[in-house]
Amino acid sequence: MRTDTLKWLSENRAQRFGLIYINPPSFSRSKRMRDMPDVQRDHANLIRAAAVLLEPDGALIFSAHLRRFNLDRARLAELTVEDMSRQTLCVDFACRPQWHHCFCIAHQNG
């Protein structure tokens, strides 16, 4: 499926998922994009929009491969966030662990 992710998330709010995996590109040069997505700038909006679709006890795995990535915990305060970066570091990033960021995100009461 090729679609605008935020648009799809907003149009499918009635669906619920036990697991959502998000691994956005660090940058995109797609000519189909009106605005250049930026994982650092846009990640909180993406995570919040996807978290709405989680089942009450569901989990969202968010992974980013951007050297200076910093998760905006203040904008995700209503969610539980666990940093899983060390546990999920694969051999491809072993020589550059600062490029791999992975978080398990869930509802606080889930």
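This passage walks through the overall build of the protein chain and then its salt bridges.

The model is predicted, so local features need pLDDT of at least 70 and side-chain atom pairs count only at pLDDT 80 or more, while totals for chains, interfaces and linings use all residues. Residues are numbered from 1 along each chain as its sequence is written, and side-chain values use heavy atoms, with hydrogens and water left out.

The protein chain contains two helices and four strands; these are DSSP runs numbered from the N terminus, with helices being H or I of at least four residues and strands being E of at least two. Along the sequence, the pattern reads α-β-α-β-β-β. Of the 110 residues, 34% count as buried, where buried means under 20% relative accessible area, exposed over 50%, and partly exposed in between (1.4 Å probe, protein chains only).

Turning to charged side chains, the structure holds two salt bridges. A salt bridge here is a side-chain nitrogen of Lys or Arg within 4 Å of a carboxyl oxygen of Asp or Glu. In general, side chains of opposite charge can pair when their charged atoms come close.

One of these bridges joins Asp42 and Arg41, with the closest N and O atoms 2.8 Å apart. Asp42 is partly exposed, at a relative accessible area of 25%. Another joins Glu78 and Arg48, whose closest N and O atoms are 3.1 Å apart. Because Glu78 sits in the loop between β2 (54-64) and β3 (79-83) and Arg48 in helix α2 (residues 39-51), this pair ties together parts that are 30 residues apart in sequence. Glu78 is partly exposed, with a relative accessible area of 39%, and Arg48 is partly exposed at 37%.
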